[in-house]
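Please look through the structure below with the following walk-through at hand.

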Amino acid sequence: PKLKGAHRKLRALYKKIPSTEGCMENLDTCKSWCCSCQTPQVLYVEFLHTWKDVIKYWALPDILDLIERAVNAYLNNNPVKGCIFHNKETGLCTQHKTRCFNCYIYGITPKDKFTKRFNRFKEMYKDRPDVILHDQCPLVTSKKKVTQKDIDKWWNELVEIEKSIGIKKKNINDKDEGSYRSYHDHLLLHLFPDVVLNQMTIVKGTVTDPAEKAACVRSLIECLRGSMETIISGESNE
């Protein structure tokens with residue numbers, strides 16, 4: 001009941017954010033580079049909102065593919081990587097209806113605020129020519145102007161929803177123990193015990209051969225195949 005109430009509040013919050021246009025209309029031009037190159041950070045309640053929808057409506061093979069993308073994203077040492085819900089063939093988001101807060105405000109965040117964050121990343125990766133960064137998409141617009149005061153108000157409301165499911169305020173951040181993470185990190189932490197996560201960390205730090213990494217991923221997914229039906233069935237009935 002607590003989680004259902006949080007998800008209702010989450011959907012109500014999303015509805016407060018002005019609708020945008022320009023993204024879907026320009027896919028042929030932009031090739032959805034934001035989704036293919038960027039990894040949105042989401043709070044745990046947002047991840048659970050999406051995951052609940054996935055296990056309710058997706059077929060098992062598609063869920064296993066999603067998990068495989070999550071593992072590959074984690075093992076990828078490049079700091080710039082796309083979202084696991086991005087369909088590279090169509091350019092579309094496979095879970096657009098439960099997209100997170102950061103996806104809602106992308107393109108309509110006040111320029112001065114976004115520029116400060118963008119410049120911080122440019123400085124962080126100035127010695128990494130392989131890291132491609134993009135400014136906020138200029139193709140996305142909204143009929144209603146969004147101010148920093150609006151975003152701060154929505155974020156504070158989102159934090160309260162996160163706290164309502166038992167997350168302490170001190171853990172609502174993007175640090176190692178924080179609840180503000182990428183979809184792929186949330187998914188791996190949600191599904192795998194510590195022993196498996198530790199093994200993946202070892203593979204990430206020691207295995208450099210792509211073929212060997214791919215073999216590790218395939219082995220993990222095959223081990224999951226038998227148990228995922230039970231896991232999904234159990235979570236679907238909660």
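**From a helix to a loop**

The buried residues of helix H1 pack against H4, H6 (101-105) and H8. The model is a predicted one. Those buried positions in H1 are Gly5, Ala6, His7, Leu10, Leu13 and Tyr14. An α-helix has 3.6 residues a turn, so residues three or four places apart point the same way. H1 itself covers residues 2-16, which makes 15 residues. From its first C-alpha to its last, H1 reaches 22 Å, close to the 21 Å expected at 1.5 Å a residue.

H4 spans residues 44-57 and H9 spans residues 183-191. Their axes are 10 Å apart and meet at an angle of about 75°. Angles of 65 to 115 degrees count as roughly perpendicular, and H4 and H9 are therefore roughly perpendicular to each other. On the H4 side, the residues in contact are Tyr44, Phe47, Leu48, Thr50 and Trp51. H9 contributes Tyr183, His186, Leu187, His190 and Leu191. Of the residues in this contact, seven are nonpolar, three are polar and none is charged.

The last stop is Asn173, in the loop between helix H8 (148-164) and strand E2 (180-182). Which residues does Asn173 touch, not counting those up to four places away in sequence? They are Gly178, Ser179 and Tyr180. A polar atom of the Asn173 side chain lies 2.8 Å from the backbone oxygen of Lys170. Leu43 is 130 residues from Asn173 along the chain, yet the C-alpha atoms of the two are separated by 8.6 Å.

Technical notes: Residues are numbered from 1 along each chain as its sequence is written. This is a predicted model: local features need pLDDT of at least 70, side-chain atom pairs count only at pLDDT 80 or more; totals for chains, interfaces and linings use all residues. Side-chain values use heavy atoms; hydrogens and water are left out. Helices (H or I, at least four residues) and strands (E, at least two) are DSSP runs, numbered from the N terminus. Contact means heavy atoms within 4.5 Å. A polar contact is a pair of N or O atoms within 3.5 Å; within protein, one must be able to donate a hydrogen and the other to accept it, and residues adjacent in sequence count only if both atoms are side-chain atoms. Axes are lines fitted to C-alpha atoms, for helices over the stretch in contact, and angles run from 0 to 180 degrees between N-to-C directions. Angles under 35 degrees count as roughly parallel, over 145 as roughly antiparallel, 65 to 115 as roughly perpendicular and the rest as oblique. Ala, Val, Leu, Ile, Met, Phe, Trp, Tyr, Cys and Pro count as nonpolar, Asp, Glu, Lys and Arg as charged, and the others, Gly among them, as polar. The expected span of a helix is 1.5 Å times one less than its number of residues. Buried means under 20% relative accessible area, exposed over 50%, partly exposed in between (1.4 Å probe, protein chains only).
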